[in-house]
Amino acid sequence: MKIDGVFSGGGVKAFAFLGALEVIAEKNLKFERVAGTSAGSILAAFIAAGYNIEEMKRLLDKLELKEFLDPPLLAKVIPGSKWFFLYFQMGLNKGDKFERWVYNQLAERNIYTFGDLKSGYLKVVVSDLTLGKLVVIPDDLERVYGINPNDFPVAKAVRMSAGFPYFFMPKRVLGENKVKSLMVDGGLLSNFPIWVFESETNKRTRPILGLKLSDSPEQSHPNNIKNALDMLHALFTTMKQAHDSRYIAKSEKDNIIFIPVKDVQTTNFMINEEVKSKLIQNGREQAQKFLKRWST
């Protein structure tokens, strides 16, 4: 059966998606359209490019996440200069290695720009800090920036969507008004864009299945705020979750595989093989439980 799929953000926790995708494939569910934010956009892009779950597992199994750490050369030579780059470049890592890796994997399937994909098949969510907008690529490129979506690189969209603030430097997009927009992690404004396939009539041509790296809203725990740092973390978490949680609670929770991940930090690029295996197994278990009762 054909379905549409939406993947949340979650950084390195996204290894759990691999286990869930294994179960989805075993149930003969096939993705017709896919969308994602941040780490979820990586999986969505690979699916759109034609990778199956076994191929994606092989890709990610041989991947050393620490290879994506690419601070400016000066930051390696002069101790403490990383804070200079954090202040003026607004990030510790350039993100070029990550974007190049995504580009190379997509190039293996002759996918370079959105023009190489079937129209409407892939949607990537990004936050434009300059314009204060949530941007869906490729849908909003022409209207907001005057850019032909068929010419826009898929790897660049994924890099922007996964541009975790301060960890990666923001990407810049030049719009029609010659203003350079700073583009960062789509999860700031919508970490789980399950709304993205809604039509104007709210009618669906096929079921939508969401995969979200968290508990369901009913099982989420309140933030324990004791100091300013706790408050900053709570502010960031609220920005990421408030909009999506409201939407989920109203209409979509029966179509979402919730995969709670404990004790793994989003940007911990040093996780070992044991942690990766546990994440994948967690994804399998949650998907198996869900699909036993999912009614399409």
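**Rings and helices**

Author: A search of the whole structure, a predicted model, finds twelve aromatic pairs.

Reader: Why is the pair of Phe46 and Tyr51 called tilted?

Author: Their ring centres lie 5.5 Å apart and their planes meet at 55°. Rings pair if their centres lie within 6.5 Å. Planes under 30 degrees apart count as stacked, over 60 as edge-to-face, and the rest as tilted. So 55° makes this pair tilted. Phe46 and Tyr51 are both buried.

Reader: What makes the pair of Phe167 and Phe168 edge-to-face?

Author: The angle between the planes is 85°, and over 60 degrees counts as edge-to-face. The distance is 5.1 Å centre to centre. Phe167 and Phe168 are buried as well.

Reader: Which residues form one aromatic cluster?

Author: Phe46, Tyr51, Phe68, Phe98, Trp101, Phe167, Phe168 and Phe269.

Reader: What sits over the ring of Tyr51?

Author: The charged end of Arg109, 4.1 Å from the ring centre. The distance cut-off is 6 Å.

Reader: Why are H1 and H2 called oblique to each other?

Author: Helix H1 (residues 15-26) and helix H2 (residues 39-48) pack at an angle of about 40°. Under 35 degrees would count as roughly parallel, and 65 to 115 as roughly perpendicular. H1 and H2 are therefore oblique. Their axes are 10 Å apart, and the crossing is right-handed.

Reader: Which residues meet between H1 and H2?

Author: H1 brings Phe17, Leu18 and Leu21. They meet Gly40, Leu43 and Ile47 of H2.

Technical notes
Residues numbered from 1 in each chain as written. Predicted model: local features only at pLDDT ≥ 70, side-chain atom pairs only at ≥ 80, totals over all residues. Heavy atoms only, no water. Phe/Tyr/Trp six-rings, centres within 6.5 Å; stacked < 30°, edge-to-face > 60°. Buried < 20%, exposed > 50% of the residue type's maximum accessible area, 1.4 Å probe, protein only. Lys NZ or Arg CZ within 6 Å of the ring centre and 35° of its normal. Axes fitted to C-alpha atoms, helices over the stretch in contact; angles between N-to-C directions. Helix = DSSP H or I, 4+ residues; strand = E, 2+ residues; numbered from the N terminus. Parallel < 35°, antiparallel > 145°, perpendicular 65-115°, else oblique. Left-handed = near helix turned anticlockwise from the far one by under 90°. Contact = heavy atoms within 4.5 Å.
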